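Here are some notes to read alongside the model. Please keep the structure open and look up each residue as you go.

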Amino acid sequence: MKPSWNDAPEFAKYLAQDFNGDWYWFENKPQTDSDWREWECTDGNCEIAITHKNEKWFTTLEARP
């Protein structure tokens with residue numbers, strides 16, 4: 001289940017899920033890692049939100065509404 005933006009930390013501008021099902025909030029737009037299995041938090045804050053397996057994780061990146 002996707003986390004609600006109502007529960008997002010104040011810094012969060014993006015939400016995305018990685019290959020193993022972990023959802024993360026990101027301050028800045030993340031990029032995928034070299035293996036294309038997860039999003040990288042290379043700049044700014046990021047925080048785990050919830051875990052839920054999804055094989056189409058790479059389609060989950062979205063900006064704060």
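What share of the 65 residues in the protein chain is buried? Buried residues make up 31% of them, where buried means under 20% relative accessible area, exposed over 50%, and partly exposed in between (1.4 Å probe, protein chains only).

1. Before you go further, please note that this is a predicted model, in which local features need pLDDT of at least 70, side-chain atom pairs count only at pLDDT 80 or more, and totals for chains, interfaces and linings use all residues. Residues are numbered from 1 along each chain as its sequence is written, and side-chain values use heavy atoms, with hydrogens and water left out.

2. Strands here are DSSP runs of E with at least two residues, helices are runs of H or I with at least four, and both are numbered from the N terminus.

3. Contacts tell you how the chain comes together. Taking those between residues at least 6 apart in sequence, 45% join residues at least 24 apart (a contact means heavy atoms within 4.5 Å).

4. Now look at the aromatic rings, where you can find two pairs. The rings of Trp-5 and Trp-25 have centres 5.1 Å apart and planes at 55 degrees, so this pair is tilted. Trp-5 sits in the segment before strand 1 (14–17) and Trp-25 in strand 2 (residues 22–26), so the pair ties together parts 20 residues apart in sequence. Rings of Phe, Tyr and Trp (its six-membered ring) pair if their centres lie within 6.5 Å; planes under 30 degrees apart count as stacked, over 60 as edge-to-face and the rest as tilted.

5. Are these two tryptophans buried or exposed? Trp-5 counts as buried at 13% relative accessibility, and Trp-25 counts as buried at 3%.

6. The other pair is Tyr-24 with Phe-26, also tilted, at 6.1 Å centre to centre and 45 degrees between the planes. Tyr-24 is partly exposed at 23% relative accessibility, whereas Phe-26 is buried at 2%.
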